[in-house]
Amino acid sequence: MTRLTLRAEALLLDMDGTLVHSTGEVETVWRLWCRRHRLDPGPVLAMCHGVRSREVIRALAPQLDMAREVALLDELEINHTGAAEPIAGARALLAALPAECWALVTSASQRVARHRLASAGLPLPKQLIGAEDVVRGKPDPEPYLLGAGRLGVAPADCLVFEDAPAGIASALQAGCQVVQVGGSKRFDPAVAAVIQHWRQVTVVTAAAGSLQVTLLT
């Protein structure tokens, strides 16, 4: 294994596929939604990972009432998914992080994010950027710019952990360092490293309050 050490003032973390195993659950929800509207699930499943539900609806079913469909998808997320399983090592790492040094930046709504974190036994962050908190979702840089701003840290001093191409593009455009979670190849050559789980990550808080993040890849 190769050891890589990165320095940052704060961590900005995606949720689905990054902290929680939820790819299958997300696809189940979208299949249910497609069945309800008699839509081909193929294009929806190709687009839905890492982006807000409203972007999917706007692109593939613009004839539908946006507010009603977003609310319906949230209900399906809450009612048709089982207990969330954290990605290995996520619980221990988050428990050891200073609360002021990390934020969650997710394409899920606040309600769904809080439900999924609680279901997985993961701590709620002090700063949670959800779908309703931004005008433009991933891959636009707005979510990660807002996350950095909420923590009072420059984007260049933030280290982002992301699993989806849309989220990686969002973070890189915001000017953050990015580590990819999952996959065998980088989705973007600018990604600093690829990890499979959080047991490959060690975070130490330096005397000045900065974070030293060591990755075994």
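## Paired strands and a pocket

Me: Which residue in β11 is the bridge partner of L4?
Reply: In this predicted model, L4 has L215 in β11 as its bridge partner.

Me: How do you know that β1 and β11 pair?
Reply: Count the bridges! A pair needs at least two. Six bridges join β1 to β11, so these strands pair. They run antiparallel.

Me: What makes β10 and β11 a pair?
Reply: The cut-off is again at least two bridges. β10 and β11 (residues 211–216) have five, so they pair too, in the antiparallel sense. Opposite T202 you will find T214 in β11, and opposite V204 stands Q212. Five residues lie between the strands of this hairpin, where G209 takes a positive phi near 95°.

Me: In which order do the three strands form their open sheet?
Reply: The order is β1-β11-β10, with antiparallel pairing.

Me: Why are β1 and β10 called edge strands?
Reply: β1 (3–8) and β10 (201–205) each pair on one side only, so they are edge strands.

Me: How much space lies in the largest pocket?
Reply: About 440 Å³. Its lining has 28 residues, and D16, V51, E77, S107 and A108 are the closest to its centre. The elements giving two or more residues to this lining are α1 (23–37), α3 (53–60) and α4 (66–79).

Me: What makes D16 and E77 count as charged?
Reply: Asp and Glu belong to the charged class, so D16 and E77 do as well. By class, the lining of the largest pocket has eight charged, nine polar and eleven nonpolar residues.

Notes. Residues numbered from 1 in each chain as written. Predicted model: local features only at pLDDT ≥ 70, side-chain atom pairs only at ≥ 80, totals over all residues. Heavy atoms only, no water. 1 Å grid on protein atoms, 1.4 Å probe; cavity = no way out; pocket = protein on both sides within 12 Å on 5 of 7 lines; lining within 4 Å. Points joined across faces, edges and corners; volume = space filled by probe spheres on them. Helix = DSSP H or I, 4+ residues; strand = E, 2+ residues; numbered from the N terminus.
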